[in-house]
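Come along and check each entry against the picture.

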Amino acid sequence: MIQVIIKENNQQILEIQVSGHADSAEYGKDLVCAGVSTTCVGIANALVNNHFLDQGRGTIDVQEGFVKIKVNQFDEVIQVVLETFVTILETIEESYSKYMKITKMEV
């Protein structure tokens with residue numbers, strides 16, 4: 001199962017962690033994993049293109065079966081990108097809740 005943990009404070013996203021595998025089909029044919037993976041890489045690229053890693057504004061850790069995005073400094077554009085990320089993940093979860101769970105935490 002894919003686990004998504006979203007940490008927020010005062011309606012601002014501070015951290016998003018995505019881990020695990022959907023196991024909805026055999027390796028290479030798992031559309032849930034493919035969709036989530038593509039979304040994660042696309043959002044990571046969008047953050048980099050918006051200078052997220054510059055001057056310590058945040059960090060991105062991408063590994064096999066794991067992505068963690070952590071915000072160190074508030075930025076309105078970055079928040080919109082992260083909100084888009086959450087919306088896409090929630091849309092996937094609506095259709096594939098058997099393979100994916102999103103947990104939101106107020107910190």
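I began with lysine 7, which is partly exposed at a relative accessible area of 27%. A reminder to myself: this is a predicted model.

Next I looked up the salt bridge of lysine 7, and I found glutamate 15, with the closest N and O atoms 3.7 Å apart. Glutamate 15 is buried, with a relative accessible area of 9%. I then noted that Lys7, Glu15 and Lys68 are linked in a network of salt bridges.

Strand 3 (residues 58–63) and strand 4 (residues 66–71) pair in the antiparallel sense over 6 bridges. They form a hairpin with 2 residues between them, and I saw that glycine 65 in the turn has a positive phi of about 75 degrees.

How many salt bridges are there? I counted 4. One of them joins glutamate 90 and lysine 104, whose closest N and O atoms are 3.0 Å apart. This pair links distant parts of the chain, with glutamate 90 in helix 2 and lysine 104 in strand 5 (residues 100–106). Glutamate 90 is partly exposed at 26% relative accessible area, and lysine 104 is partly exposed at 46%.

My last stop was aspartate 30, in the loop between strand 2 (12–19) and helix 1 (31–49). Is aspartate 30 buried or exposed? It is buried yet has no salt bridge, and lysine 98, the nearest side chain of opposite charge, is 12 Å away. I did find that the side chain of aspartate 30 reaches the backbone nitrogen of aspartate 23 at 3.0 Å.

Technical notes:
Residues are numbered from 1 along each chain as its sequence is written. This is a predicted model: local features need pLDDT of at least 70, side-chain atom pairs count only at pLDDT 80 or more; totals for chains, interfaces and linings use all residues. Side-chain values use heavy atoms; hydrogens and water are left out. Helices (H or I, at least four residues) and strands (E, at least two) are DSSP runs, numbered from the N terminus. Buried means under 20% relative accessible area, exposed over 50%, partly exposed in between (1.4 Å probe, protein chains only). Lys and Arg count as positive and Asp and Glu as negative; His and the chain ends are not counted. A polar contact is a pair of N or O atoms within 3.5 Å; within protein, one must be able to donate a hydrogen and the other to accept it, and residues adjacent in sequence count only if both atoms are side-chain atoms. Two strands pair if DSSP finds at least two bridges between them.
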